[in-house]
Amino acid sequence: MSSSSIPSTFLKNVLNNGIGRYVCQLQRITFVFCKQKGDSRGTRDFIENKLLDFTNSNPGVAVYLQPRNNRSPKLVAEYLNGGRESIVTAKMSDDEIYKWLEHLRGRSGIKIARIRKPQHTENPSVQGVWHPFTNKDSSLNKTQFPIQELSEVPHEITTTDKLLEIAKKLREADVSMKE
Amino acid sequence: MFLTFLNFASRQGGADIQWKRHMYKRIAWSYYGRKRNCFRLSIRTVERALRYSTNSGKPKREFYNNIVKIRLEAACWEHGVLYDEFLKTLDESSIQLNRTTLQHLAIYEPRTFQSLCDFTVKRQGELGLKAATATTPSGVLTRGML
């Protein structure tokens, strides 16, 4: 039940980002705010004071400002893999908004979900994955099956054999007694 | 006027109740009928479902540990080593590999695992020779015969 509504995922990375070169996955960021309302005060302060520092340090990110009347302020981030994240920044101070912005900058577009294993690899095996013939004699590669010797039932002394032997001995003892 | 009682009695200052309802709605998306849409009805089903989902912690661990044990036993047996002896010898030799890692090696790095098994066999052989000269454990009476 919970698994369908609380999804889980394996560890993912976007195109092995960071293993060679690191590319900032944030494509564009949109500030939606109101010029009048009190909710947007922090956003307005941020835009006035700290936005240009952010843009200068992140030239690869397109920044859009959308002043929209009477709407709650939002921060919408769009990523290179098409993912989208939005954060409602109502009543946040400009410091808080800066922190959220930095958080969004560091993310890829992959949705946050419970990670099942902390590791993932495309190439788990160097020596070759085990198969039933790994530890067997390599002459089996050139043998033609079926093999008569291997198909034979191994002769073990069964309980029936033992009983028959006992019966035989008793009969011989009987015969010798009569004689 | 005595207002503190009212402060305790009234439910104020919490989060918007719609957040909780939204969460329950998200969890109950696949349910049948009004349980899916009506909060008061979905509380009953969702809370039971969340409670039941906590049941799987211990059995899940046991299940996977059992699988790891079976795999390791089979892998050791292929190289002619007993599972308990294998782990004990590794522990005594300060080879600190846990069962999950050993199982991973057995599957994905079979030659490394083979070398570990060969090591344990050799080490057990060495111990076998030394057992004669080692001190007898406490509680065992040999009367000088061993």
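Mentor: Start with how such a pair is described. Two packed helices are described by the angle between their axes and the distance between those axes. Each axis is a line fitted to C-alpha atoms over the stretch in contact, and the angle, from 0 to 180 degrees, is taken between N-to-C directions. Keep in mind that this is a predicted model.

Now the pair itself. In chain B, helix α2 covers residues 17-27 and helix α3 covers residues 39-52. α2(B) and α3(B) pack at an angle of about 65°. Their axes lie 10 Å apart. The crossing is left-handed.

Which residues make the contact of α2(B) with α3(B)? From α2(B) come B:K20, B:R21, B:Y24 and B:I27. From α3(B) come B:F39, B:S42, B:I43, B:V46, B:E47 and B:L50.

Chain B has seven helices and zero strands. From the N terminus on, its elements read α-α-α-α-α-α-α. Chain B counts 146 residues, of which 21% are buried. Its accessible surface comes to about 11700 Å², and 56% of that belongs to carbon and sulfur atoms. Now take the contacts in chain B between residues at least 6 apart in sequence. Of these, 45% join residues at least 24 apart.

Here is a spot elsewhere in chain B. B:L82 sits in the loop between α4 (57-78) and α5 (83-92). B:L82 has a relative accessibility of 42%, so it counts as partly exposed. B:L82 and B:V121 are 39 residues apart along the chain, yet their C-alpha atoms are separated by 9.7 Å.

Next, the charged pairs. Side chains of opposite charge can pair when their charged atoms come close. How many salt bridges are there over all chains? The count is nine.

One of them is in chain B. The side chains of B:R123 and B:E126 meet at 3.7 Å, N to O. Both residues lie in helix α7 (residues 110-131) of chain B; they are three residues apart, so about one helical turn separates them. B:R123 is partly exposed at 23% relative accessibility. B:E126 is partly exposed too, at 37%.

Salt bridges that share partners also join A:R28, A:E78 and A:R84 into one network.

Chain A has a bridge within a helix as well. A:E102 pairs with A:R105, and the closest N and O atoms are 3.1 Å apart. Both lie in helix α4 of chain A, three residues apart, which is about one turn. A:E102 is partly exposed, at 25% relative accessible area. A:R105 is partly exposed at 24%.

Another bridge spans a longer stretch of sequence. A:D95 forms a salt bridge with A:K50, with the closest N and O atoms 2.6 Å apart. A:D95 lies in helix α4 (residues 94-106) of chain A, while A:K50 lies in the loop between α2 (41-49) and α3 (51-57), so the pair ties together parts that are 45 residues apart in sequence. A:D95 is partly exposed, at 46% relative accessibility. A:K50 is partly exposed, with a relative accessible area of 24%.

Return to the helix pair to finish. Look along α2(B) and α3(B), and find the angle of about 65°. Then pick out the contact residues, including B:Y24 on α2(B) and B:V46 on α3(B).

Definitions and conventions
Residues numbered from 1 in each chain as written. Chains lettered and ligands numbered in written order. Predicted model: local features only at pLDDT ≥ 70, side-chain atom pairs only at ≥ 80, totals over all residues. Heavy atoms only, no water. Helix = DSSP H or I, 4+ residues; strand = E, 2+ residues; numbered from the N terminus. Left-handed = near helix turned anticlockwise from the far one by under 90°. Contact = heavy atoms within 4.5 Å. Salt bridge = Lys/Arg side-chain N within 4 Å of Asp/Glu carboxyl O. Buried < 20%, exposed > 50% of the residue type's maximum accessible area, 1.4 Å probe, protein only. Areas by Shrake-Rupley, 256 points an atom, 1.4 Å probe, with all protein chains shown as cover.
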